[in-house]
Amino acid sequence: MQKLKVKKAIVSKQGEKSSNYMQFLKIAKKKNVKIVVVQAGDVITIDEKCSLSILFPEKDLIHTNILNNNSIVAKFMYQQETAKQFSLLLTGDVEEIAEEKLCEMYQGTGRLQADILKVAHHRFKNIFYNTVFRIGKAKDCTSWSWREKYFWTSK
């Protein structure tokens, strides 16, 4: 937000007020950025073709590693002119406990199916890959990390 023009920032409910989060709020206030707090079930309409469905976290937070395990998991949907739809599943920074909860919540619903699965940088070959990528039938699975300087894709 310090270098980009941002109108809105989408965040999940915070179970812990970290120093990073407090700094984020300070910058947002200074730059007049609207903070939107979301939870599972919310849908953000971007325009007539694009939307973001919030799949996680729920109202009741996970208390184990509260910051990572309650990060936003969202499904971006783009409806193309040809009636073909593109979807991208964004898994935030969730860890195994939250991944298992997501799989329980959405088992058999198709909500975790996506064309591309963006996996949390520290989880890229673990349960989400096995559960969502294979069961959810994603066409590709990807992860990246600026800190560790890697990009990984299943193809």
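This is a predicted model: local features need pLDDT of at least 70, side-chain atom pairs count only at pLDDT 80 or more; totals for chains, interfaces and linings use all residues.
Which residues of helix 1 are buried? They are Tyr21, Ile27 and Ala28. These residues cover an arc of only 125° around the axis, and so they sit on the same side of helix 1. The elements that cover them include strand 1 (8-12) and strand 2 (34-38).

Helix 1 has twelve residues (residues 19-30), and at 1.5 Å a residue it should span 16 Å. The C-alpha atoms at its ends are 17 Å apart, which agrees.

Just after helix 1 comes Asn32, with a positive phi of about 60°. Asn32 takes this value although it is not a glycine. Its place is in the loop between helix 1 and strand 2. Is Asn32 buried or exposed? Asn32 counts as exposed because its relative accessibility is 68%, and the cut-off for exposed is over 50%.

**Helix 2**

Helix 2 (residues 96-106) has its own set of buried residues: Ala98, Glu99, Leu102, Cys103 and Tyr106. Looking down the axis of helix 2, you would find them within an arc of 140°, so they line one face of the helix. Just after this helix, Gly108 takes a positive phi of about 80°.

**The loop between strands 4 and 5**

Now look at the loop that joins strand 4 (50-56) to strand 5 (73-79), where Ser71 lies. Why does Ser71 count as buried? Its relative accessibility is 14%, and buried means under 20%.

The side chain of Ser71 has polar partners in the backbone. One of its polar atoms lies 2.9 Å from the backbone oxygen of Asn68. A polar atom of the Ser71 side chain also lies 2.8 Å from the backbone nitrogen of Asp93. Leaving aside neighbours within four places in sequence, Ser71 is in contact with Ser12, Phe56, Pro57, Thr91, Gly92, Asp93 and Val94.

Two of those contacts, Phe56 and Pro57, are joined by a peptide bond that is cis, with omega near 10°. Pro57 is placed in the loop between strand 4 and strand 5.

Asn65 is in the loop between strand 4 and strand 5 as well. Its phi is near 45°, a positive value in a residue other than glycine. With a relative accessibility of 37%, Asn65 counts as partly exposed.

**Gln85 in strand 6**

Our last stop is Gln85, in strand 6 (residues 85-90). Gln85 is partly exposed, with a relative accessible area of 40%. Which residues does Gln85 touch, not counting those up to four places away in sequence? They are Met77, Tyr78, Gln79 and Asp115. With one of them, Gln79, there is a polar contact between the two side chains (3.3 Å). Gln85 and Ala114 are 29 residues apart in sequence, while their C-alpha atoms are 9.8 Å apart in space.

**Accessibility at a glance**

Here are the single residues from this tour with their values.

| Residue | Relative accessibility | Class |
|---|---|---|
| Ser71 | 14% | buried |
| Asn65 | 37% | partly exposed |
| Gln85 | 40% | partly exposed |
| Asn32 | 68% | exposed |

Conventions. Residues are numbered from 1 along each chain as its sequence is written. Side-chain values use heavy atoms; hydrogens and water are left out. Helices (H or I, at least four residues) and strands (E, at least two) are DSSP runs, numbered from the N terminus. Buried means under 20% relative accessible area, exposed over 50%, partly exposed in between (1.4 Å probe, protein chains only). Contact means heavy atoms within 4.5 Å. A polar contact is a pair of N or O atoms within 3.5 Å; within protein, one must be able to donate a hydrogen and the other to accept it, and residues adjacent in sequence count only if both atoms are side-chain atoms. The arc is that of the directions from the helix axis to the C-beta atoms. The expected span of a helix is 1.5 Å times one less than its number of residues.
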